[in-house]
Amino acid sequence: MAYHASVKRLILVALLVGCSGDPTGGSVDGKVVFDSMCTSCHGPTGKPPEAMSARLGVRDLTDPKVRAKLTADRVEKQVRGGSENKLMPAFQGALTDAQIKAVAAYVASPAFVAK
């Protein structure tokens with residue numbers, strides 16, 4: 001039951017973001033996009049809160065095993081189309097192509113884990 005409530009909240013947040021304008025202020029800076037759009041699930045450092053990992057399977061973007069497979073192309077595909085399990089929404093349409101490319105490059109970069 002709590003699992004479904006979390007999913008509903010995540011979908012509601014995504015819909016509200018899409019309806020309320022651009023929370024990034026139009027920025028194409030990857031860090032700004034991540035901080036504005038991704039931290040509610042992935043945490044400010046890329047390490048999600050335990051509840052998000054346990055309930056929704058949100059990945060720790062700082063985990064060395066995840067980082068070993070992480071490329072800008074893979075991140076871009078995930079951000080653009082959402083996760084295969086449909087728990088992460090697609091952000092195509094909510095973010096511009098430039099913003100998606102910028103956040104993907106940022107998350108895949110060594111600077112992401114160095115912050």
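**Entry 1. Terms and overall make-up**

I take helices as DSSP runs of H or I with at least four residues, and strands as DSSP runs of E with at least two, numbered from the N terminus. The model I examined is predicted.

I began with the make-up of the protein chain, which has 8 helices and 0 strands. Read from the N terminus, the order of elements is α-α-α-α-α-α-α-α. The chain has 115 residues, and 35% of them count as buried. I then looked up its accessible surface, which is about 7000 Å², with 61% of that belonging to carbon and sulfur atoms. I also checked the sequence range of the contacts: of those joining residues at least 6 apart in sequence, 51% link residues at least 24 apart.

**Entry 2. H2 against H7**

At what angle do helix H2 and helix H7 pack? I find about 95 degrees between H2, residues 30–37, and H7, residues 97–108, and their axes lie 7 Å apart. H2 is therefore roughly perpendicular to H7, since angles of 65 to 115 degrees fall in that class.

I next listed the residues that meet. H2 contributes Gly30, Lys31, Val33 and Phe34, while H7 contributes Gln99, Ala102, Val103, Tyr106 and Val107. Sorted by class, the residues in this contact are 6 nonpolar, 2 polar and 1 charged.

**Entry 3. Nonpolar cores**

In soluble globular proteins, nonpolar side chains tend to be buried together. I looked for such groups here.

Which residues touch the most other members of the largest nonpolar core? That core has 16 residues, and the ones I noted are Phe34, Val79, Leu95, Val103 and Val107. Two or more residues come from each of H2, H6 (72–81) and H7. H7 supplies the largest share, 5 residues.

Setting aside neighbours within four places in sequence, Val103 contacts Gly30, Val33, Phe34, Cys38 and Val79. Another core, of 5 residues, lies apart from the largest one and includes Cys41, Met52, Leu56 and Val58.

**Entry 4. Gln99, a residue of H7**

Is Gln99 buried or exposed? Gln99 is placed in helix H7, and I record it as buried because its relative accessibility is 1%, where the cut-off for buried is under 20%. Beyond residues up to four places away in sequence, Gln99 touches Asp22, Thr24, Gly26, Ser27, Val28 and Val33. I also took the C-alpha distance from Gln99 to Gly30, which is 6.9 Å across a sequence separation of 69 residues.

**Entry 5. Asp22, in the loop between H1 and H2**

Asp22, one of the residues touched by Gln99, belongs to the loop that joins helix H1 (2–19) to H2. I note Asp22 as partly exposed because its relative accessible area is 35%.

Asn85 is located between H6 and H7 and is partly exposed, since its relative accessibility is 47%. From Asn85 to Leu56 I read 9.7 Å between C-alpha atoms, with 29 residues separating them in sequence. Leu56 is also among the members of the 5-residue core.

Lys86 is likewise in the loop between H6 and H7. I class Lys86 as exposed because its relative accessible area is 62%, which is over the 50% cut-off.

Val113 counts as partly exposed because its relative accessibility is 42%. Which residues does Val113 contact, leaving aside neighbours within four places in sequence? I find Leu61, Thr62 and Arg67. For the pair Val113 and Leu61, the C-alpha atoms are 8.4 Å apart and the residues are 52 apart along the chain.

Methods:
Residues numbered from 1 in each chain as written. Predicted model: local features only at pLDDT ≥ 70, side-chain atom pairs only at ≥ 80, totals over all residues. Heavy atoms only, no water. Axes fitted to C-alpha atoms, helices over the stretch in contact; angles between N-to-C directions. Parallel < 35°, antiparallel > 145°, perpendicular 65-115°, else oblique. Contact = heavy atoms within 4.5 Å. Nonpolar A, V, L, I, M, F, W, Y, C, P; charged D, E, K, R; others polar. Core = buried A, V, L, I, M, F, W, Y, C linked by side-chain atoms within 4.5 Å. Buried < 20%, exposed > 50% of the residue type's maximum accessible area, 1.4 Å probe, protein only. Areas by Shrake-Rupley, 256 points an atom, 1.4 Å probe, with all protein chains shown as cover.
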